[in-house]
Amino acid sequence: MENLIFEINDQIATLTFNRPKALNALNQALFQEFATVLDKVEVDKNIRVLVLTGAGEKAFVAGADISELAKMNPLLGKRFAETGQKLFSRLESLPMPVIAAVNGFALGGGTEVALACDFIYASEKAVFGLPEITLGLIPGFGGTQRLLRLVGTNIARELIFTGKTFSAADALSYGIVNKVCPPESLMEEVMKTARAIAKKGAVSVRAAKESIFCGKDVDLETGCRFEADAFGLCMASQDAKEGTQAFLEKRKAEFKGDLDS
Ligand code: CO8
């Protein structure tokens, strides 16, 4: 792949946006590679956590590639927006947790892809924003929808209407990021959390993700029904047997994470 780096180490996959000369801007070629990676990740039972980050010192992703956007007619623009929306929805609904390690500029499509992850850790140097309005555009990869659901309507309105950028500290105060780290320790902090998740039972981690994913936009009663179904499924797993037995035997659980058991 030319625009992405994809690696798997100890059951943690890392996808790095890799166009550092263009601050990792999202172009159509990158999206094709992204789709191929998602095809693999969706069915790989050994991947416990996926981490997204950006190559180079400066950027996570500085948005959609403006040189491509500038040449698009309305139909191509609509198609590109739909392609991005579909990819980010697939990312959001992957069976395993996805963590964004935002190491620099995360603007436009960069903030949008991070918002489609399960949660975000950011470097102190990270800069967020949906600046599309300053280009005479609006967010087109789900940003108007995911931001408002995460931070509430009025903060989303202000950020989208002004297009202003905001710091990692502001992102923390809005509830967009879970943790802000010194740049040099960002990946280690992300990996620490990824390893902690990877050690848990794979069935229950996936069930928890599914339950939260299905429940986040529905009423409480419907969400609780999803939760009860997911809970029931966990009871069928070896990991649930091991986890409960280990507690009763006063020892540490050793999860095998066998999704087929
Ligand atoms: N697209 C293409 N190239 C980019 C982008 C981008 N989004 N961002 C940076 N680059 C390129 C620059 O053109 C420059 O290239 P070159 O060296 O060849 O001139 C290189 O990256 C380095 O950038 P700068 O020299 O500008 O670096 P600075 O440190 O001076 O500035 C900034 C960094 C502030 C991040 C600045 O580059 C910037 O403002 N970038 C654009 C940010 C932006 O507006 N992003 C939103 C894009 S629109 C979007 O994401 C829409 C998503 C929905 C689309 C829906 C489908 C139609």
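Which elements each supply at least two residues of the lining of the second largest pocket? Keep that in mind while opening the model, which is a predicted one. The answer comes at the second stop.

**Stop 1: the largest pocket**

Start by selecting A64, L69, E132, L137 and I138. Among the 31 residues that line the largest pocket, these are the closest to its centre. The space in this pocket comes to about 670 Å³.

Next, colour the elements that give two or more residues to the lining: α2 (66-69), α3 (74-92), β6 (105-107) and α4 (109-115). Of the elements, α3 has the largest share, with 6 residues. If you colour the lining of the largest pocket by class, expect 20 nonpolar, 7 polar and 4 charged residues.

**Stop 2: the second largest pocket**

Now select C117, D118, F119, I212 and K216. They are the closest to the centre of the second largest pocket, out of 24 residues that line it. About 550 Å³ of space lies here.

To settle the opening question, show α3, α4, β7 (119-123), α5 (143-151) and α9 (202-215), each of which supplies at least two lining residues of this pocket. The most comes from α9, which gives 5 residues. By class, the lining of the second largest pocket holds 16 nonpolar, 2 polar and 6 charged residues.

Then colour the two domains, 4-198 as domain 1 and 202-248 as domain 2. Why does the second largest pocket lie between them? Both domain 1 and domain 2 give residues to its lining, so the pocket lies between the two.

**Stop 3: the ligand**

- From K58, a polar side-chain atom lies 2.6 Å from a ligand oxygen atom.
- From A62, a polar backbone atom is 2.9 Å from a nitrogen atom of the ligand.
- From A64, a polar backbone atom is 2.8 Å from an oxygen atom of the ligand.

With a surface drawn, consider how much of the ligand the protein covers. On its own the ligand has 1,100 Å² of accessible area, and the protein covers 62% of that.

**Stop 4: the cavity**

Two elements, α8 (186-198) and α9, each supply at least two of the lining residues. The largest share is that of α9, at 3 residues. The lining of the cavity divides into 6 nonpolar, 1 polar and 3 charged residues.

Finally, leave α9 selected. This helix gives the most to the lining of the second largest pocket, and the largest share of the cavity lining also comes from α9.

Definitions and conventions: Residues are numbered from 1 along each chain as its sequence is written. This is a predicted model: local features need pLDDT of at least 70, side-chain atom pairs count only at pLDDT 80 or more; totals for chains, interfaces and linings use all residues. Side-chain values use heavy atoms; hydrogens and water are left out. On a 1 Å grid over the protein atoms alone, a cavity is a set of points where a 1.4 Å probe fits but cannot get out, and a pocket is an open set with protein on both sides within 12 Å along at least five of seven lines; lining residues have an atom within 4 Å of a point. Grid points are joined across faces, edges and corners, and a volume is the space filled by probe spheres set on the points. Helices (H or I, at least four residues) and strands (E, at least two) are DSSP runs, numbered from the N terminus. Ala, Val, Leu, Ile, Met, Phe, Trp, Tyr, Cys and Pro count as nonpolar, Asp, Glu, Lys and Arg as charged, and the others, Gly among them, as polar. Domain bounds come from an automatic or database domain assignment. A polar contact is a pair of N or O atoms within 3.5 Å; within protein, one must be able to donate a hydrogen and the other to accept it, and residues adjacent in sequence count only if both atoms are side-chain atoms. Accessible areas come from the Shrake-Rupley method with a 1.4 Å probe; for residues, only the protein chains shown count as cover.
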